[in-house]
Amino acid sequence: MPVDSLQQVSLPEYTRHRLTALRELVGNTPMLCIDYRFRGRTGTVCAKAEHLNLSGSIKDRMALHILERAYEDGSLRPGDRIVEATSGNTGIAFAAIGSALGHKVVIYMPDWMSRERMDLIRSYGAEVVSISKEQGGFLGSIDCCRRLAEEQNAVFLPRQFENEANVEAHAQGTGPEIIAQMRYAGLVPDAFVAGVGTGGTIMGVSQALQAAWPGVPCHPVEPAESPTLTTGYKVGSHRIQGISDEFIPEIVRLSEVEDVIAIHDGDSILMAQMLASKLGLAVGISSGCNFLAAVTAAMRFEGSPTVATIFCDDNKKYLSTGLLREEPVRENYMTPDLELLDLRVIPRCGWPSRS
């Protein structure tokens with residue numbers, strides 16, 4: 001939103017100062033351009049380094065933008081509690097940003113998420129409420145938030161899965177940054193891919209990219225072991241925390257994007273391990289998934305295609321997961337056939353960072 005969009009809203013000076021500071025710590029991340037060779041063909045993956053945001057993930061963009069919008073429309077007031085259901089990164093983002101703005105934060109999340117995620121949320125002073133599969137898992141977490149808001153006053157629900165401000169954060173921030181950085185480097189993306197958690201990234205970035213380069217294909221990505229987007233309902237289980245929860249979010253409109261790309265969770269782990277061991281890029285499992293999805297999308301083009309994507313977070317949230325274990329290689333995995341050739345960095349954009 002415009003810098004002065006909150007000028008007419010009655011907020012404590014403390015809150016205004018913190019918002020100004022937070023805007024400089026969220027968004028406007030560098031872009032990493034990785035040249036690779038895969039089964040005899042070369043290409044380039046251009047990935048936004050979202051692990052460099054305030055709390056270490058792309059979710060900071062959405063969290064800050066949703067809170068600014070809520071201040072603007074009056075649905076969030078100083079002193080309100082922020083209560084959200086999350087699989088991890090969103091909870092960490094709201095815990096960090098909410099605390100910085102003076103709010104108490106309560107996070108409901110499935111109890112099978114990594115220990116690091118829960119500990120990080122608590123480290124910001126937020127309360128974590130774990131929900132078991134028997135209690136409803138992810139959908140149960142969402143229901144608990146709604147019930148709390150119905151029973152108590154001064155509760156703000158970000159509703160990340162249905163809040164259009166989630167999409168807007170990426171249509172106004174992430175997408176324009178990708179456009180500016182690729183133009184700065186003299187590049188045009190052949191495609192864009194992004195794993196779907198809430199769907200805000202794929203929907204928002206696709207809006208921006210389509211306006212800049214009409215017809216550029218934008219592909220949602222899901223785990224092959226749990227193809228929720230493809231089937232329309234929860235099926236199977238997977239190890240790529242942060243994407244493919246238990247339903248298709250309301251803000252995801254599959255008719256507005258291209259076909260879904262499916263990537264195996266074990267392959268994603270191997271790719272994330274390779275990015276760290278070969279390039280020093282300590283990213284999470286979903287980043288490995290996005291890289292492989294970008295290579296998959298590139299195989300649909302001739303020559304040496306360039307595909308844009310997102311490195312969503314860092315590896316610190318996965319130290320107790322399969323990311324630090326030896327992953328067996330299976331016959332249809334892509335990572336063993338990939339060679340990482342070079343890494344270049346496209347610098348941050350020349351404008352103040354935005355949420």
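## Basis of the model

Residues are numbered from 1 along each chain as its sequence is written, and side-chain values use heavy atoms, with hydrogens and water left out. The model is predicted: local features need pLDDT of at least 70, side-chain atom pairs count only at pLDDT 80 or more, and totals for chains, interfaces and linings use all residues.

## Domains

The protein is divided into domain 1 (24-56 + 174-341) and domain 2 (59-156). These bounds come from an automatic or database domain assignment. The C-alpha centres of domain 1 and domain 2 lie 25 Å apart. Across the boundary, 25 residues of domain 1 are in contact with 23 residues of domain 2. Contact means heavy atoms within 4.5 Å.

An unreviewed UniProt entry places the feature "domain: Tryptophan synthase beta chain-like PALP" at residues 24-313. UniProt positions are given in the numbering used here, feature names are shortened, and annotations may be inferred rather than shown by experiment. Over residues 24-313 the chain is 41% helix and 19% strand. The end C-alpha atoms of that stretch are 18 Å apart. Helices (H or I, at least four residues) and strands (E, at least two) are DSSP runs, numbered from the N terminus.

## Nonpolar cores

A nonpolar core is a set of buried Ala, Val, Leu, Ile, Met, Phe, Trp, Tyr and Cys residues joined through side-chain atoms within 4.5 Å. Buried means under 20% relative accessible area, exposed over 50%, and partly exposed in between (1.4 Å probe, protein chains only). The largest core has 37 residues. Tyr36, Leu275, Phe291 and Phe311 touch the most other members. Elements giving two or more residues to this core include β1 (31-38), β2 (41-49), α9 (265-279) and β11 (338-346). The largest share, nine residues, comes from α10.

Apart from this core lies another, of 31 residues, with Ala63, Leu64, Leu76 and Phe94 among them.

## Helix α7

Helix α7 (residues 200-212) has 13 residues. From its first C-alpha to its last it reaches 19 Å, close to the 18 Å expected at 1.5 Å a residue. That expected span is 1.5 Å times one less than the number of residues. Buried residues of α7 include Gly200, Ile202, Met203, Val205 and Leu209. Their cover includes α6 (164-184), β7 (191-195), β8 (218-223) and β10 (306-311).

Lysine 59 lies in helix α2 (residues 59-73). Lysine 59 counts as buried because its relative accessibility is 16%. Beyond residues up to four places away in sequence, lysine 59 touches Asn89, Thr90, Ala93 and Thr198.

Glycine 232 sits in the loop between α8 (228-231) and β9 (261-263). At 45% relative accessibility, glycine 232 counts as partly exposed. Its C-alpha is 6.7 Å from that of isoleucine 248, 16 residues apart along the chain.

## Cysteines

The structure holds zero disulfides. A disulfide here is a pair of cysteine sulfur atoms within 2.5 Å. Cysteine 218 is buried, at 2% relative accessibility.

Cysteine 312 is in no disulfide either. The nearest cysteine sulfur, that of cysteine 289, is 8.6 Å away. Cysteine 312 is buried, with a relative accessible area of 15%.
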